[in-house]
Amino acid sequence: MKQEVNEGNKEEESAKGSSENNDTLYNELFCLICADKDIVKREAFKILLSLIDNESMVAYIHKNEKKCLKILISALNSNYELVALQCLVNLSAHMPKELIQRNLIEIVFDILKDEQETEAKGHTELYIMLVANLSREKEGIYKILDIPEEKQEKQQTEEQLAVSYYLNKLLHLFSKPIVTSSINKQVTDKYFFIVHVLINVSSVKECAHFFKSVFLLNMLSNQMLQEERCAAVLQCVLNLCVSEILHPYIFHEDCLLIPRILSLVYTREKGGEMLTHSSVDTNQKGTNKGLVHHHILNMSTVLTTSMDIKNRVMILLRNLFTRDVAREKLRSYGIEHVLRNWLLHEKNTDITSDVTHLVDMYTEITPGCVYIG
């Protein structure tokens, strides 16, 4: 027993000694980063980047947060911007709250103001990745929305559209033409990580007032035309639709968001003709005799093959079914007909029962029956 205790003490002493040695090395490394000679700084930054994900390095930065983060953040305005930015992107996965408290989000958007210069350097996507990591924290979301602390997590009653420069900047970049990443040529969409920010932002109830705009909602709708973005944008829409405050805008006659989503699961017949209710099972009670909304017809091609998209559309329709106004709006779009069309063309037998259930929900084939999504 005594021998085991001694061995345990030796292990603790060994670990402590190793930690102290690491701290000494890391301290010297940060001193070299602050050196005057460019070649020394450059090589020191390269070494730091190779070590930044190490547990011992993260622990050292935690212990010396003020010094280390100041060095890294200030380097964004130097000739070592790229390597410092890469270090911060990696570090943001380990200590996002500390970086947020250092006003890194504000600093990033200040740098992004000069969009032309940032794009020329090829750094924009790294800054977006950094913001995406920081937006995983609620404090980061509030910073992006520019919501003061005294208003955070409080019910807001503003009727008008709330505006955030940071959010609008992201939406502006997201609406630009898709281009290949300048860092990783295998990444075909350098702005893709913006949608991760939007998903995180849309997950908090306070975001609703920032999307009270048919124009902004239509902008999101347009991004769903991009196959690589569609499923991710749909997740953002799912989050936004939770807020009934936004339903007057989502179901506005000029808003294309819901018709766009329904067009993803609708197959337009040859010659642009619409499949009529008489061509499918119309024996069930409550069948909608109306036509499919013209926007759905105009935007539809064939049923999407993406299971991610199909699953999210089903979740959205189940959620909206529980809201009286939303349910009736969907019926006015011809939702029953869209669902029957989907069922007719669906080849995946694993989900046909789910689609059938949605048809039953929206046609109320059993009067007075409550359907649970």
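A search of the whole structure, which is a predicted model, finds eight aromatic pairs. Rings of Phe, Tyr and Trp (its six-membered ring) count as a pair if their centres lie within 6.5 Å; planes under 30 degrees apart are called stacked, over 60 edge-to-face, and the rest tilted. A pair of aromatic rings is described by the distance of the centres and the angle of the planes.

Because the model is predicted, local features need pLDDT of at least 70 and side-chain atom pairs count only at pLDDT 80 or more, while totals for chains, interfaces and linings use all residues. Residues are numbered from 1 along each chain as its sequence is written, and side-chain values use heavy atoms, with hydrogens and water left out.

**Aromatic pairs**

- The rings of F45 and Y80 are stacked, because their centres are 5.7 Å apart and their planes stand at 25°.
- This pair links distant parts of the chain, since F45 belongs to helix α2 (residues 38–51) and Y80 to the loop between α4 (65–74) and α5, 35 residues apart.
- Helices (H or I, at least four residues) and strands (E, at least two) are DSSP runs, numbered from the N terminus.
- F45 is buried, with a relative accessible area of 1%, and Y80 is buried with a value of 9%.
- Buried means under 20% relative accessible area, exposed means over 50%, and partly exposed lies in between (1.4 Å probe, protein chains only).
- F192 and F193 form an edge-to-face pair, with 6.5 Å from centre to centre and 75° between the planes.
- F192 is partly exposed at 23% relative accessible area, and F193 is partly exposed at 33%.
- Ring pairs also link Y26, F30 and Y60 into a cluster.

**The whole protein**

- The protein has 21 helices and zero strands.
- Of its 373 residues, 48% count as buried.
- The accessible surface comes to about 19000 Å², and 51% of it belongs to carbon and sulfur atoms.
- Accessible areas come from the Shrake-Rupley method with a 1.4 Å probe; for residues, only the protein chains shown count as cover.
- Among contacts with a separation of 6 or more, 73% are between residues 24 or more positions apart.
- A contact means heavy atoms within 4.5 Å.

**Helix α5**

- Helix α5 (residues 81–91) is largely enclosed by the rest of the structure, because eight of its eleven residues are buried.
- The buried residues of α5 are E81, V83, A84, L85, C87, L88, V89 and L91.

**Helices α10 and α11**

- Helix α10 (residues 138–145) packs against helix α11 (residues 165–174) at an angle of about 85°, with the axes 5 Å apart.
- Axes are lines fitted to C-alpha atoms, for helices over the stretch in contact, and angles run from 0 to 180 degrees between N-to-C directions.
- The two helices α10 and α11 are therefore roughly perpendicular to each other.
- Angles under 35 degrees count as roughly parallel, over 145 as roughly antiparallel, 65 to 115 as roughly perpendicular, and the rest as oblique.
- On the α10 side, K143, I144 and L145 meet Y166, L167 and L170 of α11.
- By class, this contact of α10 with α11 has five nonpolar, no polar and one charged residues.
- Ala, Val, Leu, Ile, Met, Phe, Trp, Tyr, Cys and Pro count as nonpolar, Asp, Glu, Lys and Arg as charged, and the others, Gly among them, as polar.

**Helices α14 and α18**

- The axes of helix α14 (residues 227–241) and helix α18 (residues 307–321) come within 9 Å and cross at roughly 10°.
- That angle makes α14 roughly parallel to α18.
- Residues in this contact include C230, A231 and L234 of α14, and I309, V313 and L316 of α18.
- By class, the contact of α14 with α18 has eleven nonpolar, two polar and two charged residues.

**Residues with positive phi**

- Most residues other than glycine have a negative phi, and most peptide bonds are trans.
- N103 has a positive phi, near 60°, and lies in the loop between α6 (96–101) and α7 (104–112).
- N103 is partly exposed, with a relative accessible area of 37%.
- D146 also has a positive phi, of about 60°, although it is not a glycine.
- D146 is found in the loop between α10 and α11 and counts as exposed at 54% relative accessibility.

**M219**

- M219 is found in helix α13 (residues 214–223) and is buried, with a relative accessible area of 10%.
- Leaving aside neighbours within four places in sequence, M219 is in contact with L171, F174 and S175.
- M219 and H172 are 47 residues apart in sequence and 9.6 Å apart in space, C-alpha to C-alpha.
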